[in-house]
Amino acid sequence: MKKNKIENYIWAYLMIGPLVIGLGIFYIIPFFQNFYFSLTNLGAFGNYEFIGMDNYEKLIRDAKMYKALKNTFMYVLFSVPFGISISIIIAVMLNSKIKGVTFYRVLYFLPAVTMPTAIAMVWKWLYNKEFGLLNQILLKFGIEGQSWLTNSNIALYAVIIVAIWASIGYNMVILLAGLQGIPKMYYEAAEIDGAGPIKMFFKITLPLLSPTIFFVSVMTFISSFQMFDLVFMMIGKNNPAFENTMTIVYYIL
């Protein structure tokens with residue numbers, strides 16, 4: 001009995017061993033290294049000089065850091081709820097029996113497999129003040145075009161729209177998988193009782209999809225705080241709206 005228990009422990013440690021080693025090498029050790037480097041000053045030829053908490057004191061006194069934090073929280077505040085809500089609606093629509101549903105699923109998923117650089121360049125052209133497609137459409141309705149990426153008041157929201165558009169495909173696929181895991185008998189029973197599509201959505205779909213929504217929310221929340229590439233490609237440091245769009249990751253780098 002004792003021998004079997006020891007064997008079980010050995011096999012358990014062998015199974016989790018690769019994961020623990022990977023976490024240690026790629027996450028835990030780099031975390032402590034970065035913390036140590038934050039207490040030093042990089043000198044010539046890669047030499048480090050220990051300076052204690054000086055870097056953190058400079059960080060606290062830097063007004064740009066607080067501006068970057070504000071921009072990041074604004075980005076998360078808008079991109080997470082709106083992005084997930086739109087993804088849920090699209091996933092529900094693509095889970096129904098409509099003609100060409102496979103084509104639409106592929107179409108919505110394409111941004112998820114597209115390089116952020118390509119996405120930024122395309123949207124930068126769409127937002128262009130002089131010949132951008134968005135302003136051209138507005139002119140057709142007699143509305144004056146905007147400087148979407150250089151106006152400090154709207155540049156952040158323009159980037160948020162792109163980020164939401166780019167995240168819909170990935171979230172939609174995960175939510176679609178969650179929807180397909182809901183037993184059809186619940187909907188059939190609700191339909192017999194006379195429940196309509198809206199009532200079934202709020203009484204059946206949302207409650208049973210809540211674990212998937214929670215997972216998507218956490219992943220979107222984390223990726224939103226790591227926002228960098230779209231701001232780097234679409235705004236740039238020479239842009240007059242840079243300080244109003246700079247995220248905390250951009251500030252650190």
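User: What makes the largest nonpolar core of this predicted model a core, and which residues have the most contacts inside it?

Analyst: A nonpolar core is a set of buried Ala, Val, Leu, Ile, Met, Phe, Trp, Tyr and Cys residues joined through side-chain atoms within 4.5 Å, where buried means under 20% relative accessible area (1.4 Å probe, protein chains only). The largest such set has 51 residues, and W123, Y127, V162, L175, L230, M234 and I235 have the most contacts inside it. Elements giving two or more residues include α3 (63-94), α5 (116-126) and α9 (197-225). The largest share, 14 residues, comes from α7.

User: How do you know what L230 touches?

Analyst: Contact means heavy atoms within 4.5 Å. Leaving out residues up to four places away in sequence, L230 touches P116, I119, A120, V159, V162, A163 and I235.

User: Why are there twelve helices and two strands?

Analyst: Helices are DSSP runs of H or I with at least four residues, and strands are E runs of at least two, numbered from the N terminus. By that count the protein chain has twelve helices and two strands, in the order α-β-β-α-α-α-α-α-α-α-α-α-α-α.

User: How does the radius of gyration stand against a compact globule?

Analyst: The rule, over C-alpha atoms, is 2.2 Å times the number of residues to the power 0.38. For 253 residues a compact globule would have a value near 18 Å, but the protein chain has 24 Å.

User: What limits apply to these values?

Analyst: The model is predicted: local features need pLDDT of at least 70 and side-chain atom pairs 80 or more, while totals for chains, interfaces and linings use all residues. Residues are numbered from 1 along each chain as its sequence is written, and side-chain values use heavy atoms, without hydrogens and water.

Technical notes. Buried means under 20% relative accessible area, exposed over 50%, partly exposed in between (1.4 Å probe, protein chains only).
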